[in-house]
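Let's take a walk through this model, going from the overall picture down to single elements. Keep the structure open beside the text as you read.

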Amino acid sequence: MTPISHTGGAVAGFVRSATPTAGIGPGALVRTLHGERAIEALRPGDRILTSDGVRARLTSVSCHIAPARSLCRISPNALAEGRARTKTGPVVLSGLQHLMLRGWLARAMFSRDRALVPVSDIADGELVRRMDMDTELPLFQLHFDAPALVCVGGLEVLATPARQTAY
């Protein structure tokens with residue numbers, strides 16, 4: 001693997017994705033034990049606060065380079081119920097990234113009090129819209145010992161165990 005060019009060497013390496021993958025775009029703020037930190041600054045061993053307030057140790061961070069057309073931009077005004085606690089800018093997520101919806105929105109869209117859904121299922125073309133740029137962006141994935149919901153830009157995003165050892 002070739003080291004990624006992000007300053008600080010936040011990840012072990014990168015893989016240019018042949019197929020779309022889940023992930024979180026650069027600049028997204030993740031809630032940690034020591035406040036919010038940019039996703040690209042996180043390191044294995046960092047303590048991340050899950051959406052239910054549990055401290056989880058980050059086991060690895062992986063990064064894939066993905067075409068921007070496979071990504072969605074979530075406006076700061078979207079999903080306001082879940083984002084009211086954080087004053088944040090837009091968040092870029094893969095269309096395949098799962099996030100938790102709760103309350104009225106989950107009931108209106110999925111007839112449930114909460115729903116774990118891929119971002120592409122809630123893309124409305126306005127507040128959650130697909131990106132239309134002809135470029136590539138890094139997508140970061142946070143890995144823990146077990147699946148966890150982590151707070152990213154005020155959203156509850158699913159993080160999963162690593163499928164392979166980080167180098």
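Two residues are in contact when they have heavy atoms within 4.5 Å of each other. With that in hand, take the contacts between residues at least 6 apart in sequence: 56% of them join residues at least 24 apart.

A word on where this comes from. You're looking at a predicted model, in which local features need pLDDT of at least 70 and side-chain atom pairs count only at pLDDT 80 or more, while totals for chains, interfaces and linings use all residues. Residues are numbered from 1 along each chain as its sequence is written, and side-chain values use heavy atoms, leaving out hydrogens and water.

The protein has 2 helices and 14 strands, taken as DSSP runs numbered from the N terminus (H or I of at least four residues for helices, E of at least two for strands). Of its 167 residues, 44% count as buried, meaning under 20% relative accessible area; exposed is over 50%, and partly exposed lies in between (1.4 Å probe, protein chains only).

Now head inside. In soluble globular proteins, nonpolar side chains tend to be buried together. A nonpolar core here is a set of buried Ala, Val, Leu, Ile, Met, Phe, Trp, Tyr and Cys residues joined through side-chain atoms within 4.5 Å. The largest one has 33 residues, and Ile39, Ile74, Leu93, Leu142, Phe144 and Val152 have the most contacts inside it. Pick out Val152: setting aside its neighbours within four places in sequence, Val152 touches Ile24, Ala28, Leu29, Val30, Val91 and Val157. Apart from this core lies another, of 5 residues, including Ala66, Leu71, Val92 and Leu139.

Next, find the open sheet of 3 strands, ordered E8-E7-E11 with antiparallel pairing; strands pair if DSSP finds at least two bridges between them. E8 (91-94) and E11 (128-130) stand at the edges with a single partner strand each, so one side of each has no neighbour in the sheet. E7 (residues 71-74) is joined to E11 by 3 bridges, and Arg73 has Arg129 as its bridge partner in E11.

Finally, look at helix H2 (residues 103-110), where Gly103, Leu105 and Ala106 are buried. These residues cover an arc of only 155 degrees around the axis, so they sit on the same side of H2; the arc is that of the directions from the helix axis to the C-beta atoms. Trp104 and Ala108, on the other side of H2, are exposed. After H2 comes Ser111, with a positive phi near 55 degrees.
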